[in-house]
Amino acid sequence: MTLHLPLTGPAVITGGARGLGFSLASALASGGSAVALLDILPEVTESAERLAQQHGVDAVGLRVDVTDQAAVAGAFAEAAERLGTPRVLLTAAGITVWNDSVEVSDAEWRRVMAVNLDGTFFAAQAFGRGLLEAELGGSAVFVASMSGSIVNVPQFQASYNASKAAVAHLARSLAVEWAPAGIRVNSISPGYFLSDMTRQFTEQNPDLARDWTARIPAGRMGEPGDLHGLVGFLASDASAYLTGQDLVIDGGYTAV
């Protein structure tokens, strides 16, 4: 999907090396945005090169652990130096653990919270700091989840659910704090989407995939492209008066 909305400016996408993060970065690049991909995976550089070739935009891939506050700040500084002050932030880095809660280890719990919540905050912190110093407005889009407002079944993933609920409320909190400076913050809450990793999992677990799909009024799981229009809208001036909101996009899953 090619975006035709007036996008705000250079964009940073965490978790951008592959999956939903890369797909959403591609959507922003298709609208003409320069993009910086941040990811712990080594292929982030190759992914950025692919975006540059496909869309004719400046793109940079930076290998960084989003749970490292100083490293995230350094990555944003490098992105600003190479592309200009980031005006759009998309936080797609995230992990989950499926396990009975009484069996979840301290390390598992803390890792999910560190990547999903801490990583989102550290990216937002660096993003907001850069805009405030430059006296510029911008738009941050956090990837939360419908799991932040409902409990998915049959899998048990309390740490993921709690972290995504926190991400959505973090967006509201920062939206209020930064509104006077013209910095908007919203979250999107996808339902079941067929990212590269999810597709591999559903192919290995067809019964679970059928269970999930049967609960979706739309009759199918989402495709990455189903998010492009929403993210493009939030990243553009077309949504200039929209901030502090969590937008659920789930094919009607949470409506029933």
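Me: Happy to start with a strand pair: what stands opposite Thr91 in β5?

Reply: Thr91 stands opposite Phe142 in β5. Thr91 itself lies in strand β4. One caution before we go on: this is a predicted model, where local features need pLDDT of at least 70 and side-chain atom pairs count only at pLDDT 80 or more, while totals for chains, interfaces and linings use all residues. Residues are numbered from 1 along each chain as its sequence is written, and side-chain values use heavy atoms, with hydrogens and water left out.

Me: What makes β4 and β5 a pair?

Reply: Two strands pair if DSSP finds at least two bridges between them. Here 4 bridges join β4 (residues 88-91) to β5 (residues 138-143), and the two run parallel; they therefore pass the criterion of at least two bridges. Strands are DSSP runs of E with at least two residues, helices are runs of H or I with at least four, and both are numbered from the N terminus.

Me: And how do you know that β5 pairs with β6 as well?

Reply: By the bridges again: 6 of them join β5 to β6, and these strands run parallel. Val143 stands opposite Ile188 in β6.

Me: Which order do the strands take in the sheet?

Reply: The open sheet has 7 strands with parallel pairing, in the order β3-β2-β1-β4-β5-β6-β7. β3 (59-63) and β7 (246-249) are the edges: each has a single partner strand, so one side of each is left without a neighbour in the sheet. On average, neighbouring strands are turned by 15° against each other, direction ignored. Helix α2 (residues 44-55) packs on this sheet, touching β2 (35-39) and β3, and its direction makes about 170° with that of β3.

Me: Why is Thr91 called buried?

Reply: Its relative accessible area is 2%. Buried means under 20%, exposed over 50%, and partly exposed in between (1.4 Å probe, protein chains only), so Thr91 counts as buried. Apart from neighbours within four places in sequence, Thr91 is in contact (heavy atoms within 4.5 Å) with Thr14, Thr120, Ala123, Val141, Phe142 and Val143.

Me: What makes β6 a mostly covered strand?

Reply: In β6 (residues 183-190), 8 of its 8 residues are buried. Ile183, Val185, Ser187 and Ser189 point one way, Arg184, Asn186, Ile188 and Pro190 the other way, and all are buried. In a regular strand the side chains alternate between the two faces of the sheet.

Me: Why are α3 and α4 called oblique?

Reply: Helix α3 (residues 69-83) and helix α4 (residues 106-134) pack at about 40°, with axes 9 Å apart. Axes are lines fitted to C-alpha atoms, for helices over the stretch in contact, and angles run from 0 to 180 degrees between N-to-C directions. Under 35 degrees counts as roughly parallel, over 145 as roughly antiparallel, 65 to 115 as roughly perpendicular and the rest as oblique. An angle of about 40° belongs to the rest, so α3 and α4 are oblique to each other. The contact is made by Gln69, Val72, Ala73 and Phe76 of α3 and Phe122, Ala123, Gln125, Ala126, Phe127 and Arg129 of α4.

Me: What makes α1 oblique to α8?

Reply: Helix α1 (residues 19-30) and α8 pack at about 55°, with axes 10 Å apart, and that makes α1 oblique to α8. Ser23, Leu24, Ala27 and Leu28 of α1 meet His228, Val231 and Ala235 of α8 in this contact.

Me: Is Val66 buried or exposed, and how do you know?

Reply: Val66 has a relative accessible area of 9%, so it is buried. Val66 is found in the loop between β3 and α3. Beyond its neighbours within four places in sequence, the contacts of Val66 include Thr14, Val72 and Phe122.

Me: Where is Glu135, and is it buried or exposed?

Reply: Glu135 lies in the loop between α4 and β5. Its relative accessible area is 73%, so Glu135 is exposed. Glu135 also has a positive phi of about 55° although it is not a glycine.

Me: Last one: which residues does the cis peptide bond join?

Reply: The cis bond joins Val153 and Pro154, with omega about 10°. Pro154 has its place in the loop between β5 and α5 (158-178). Most residues other than glycine have a negative phi, and most peptide bonds are trans.
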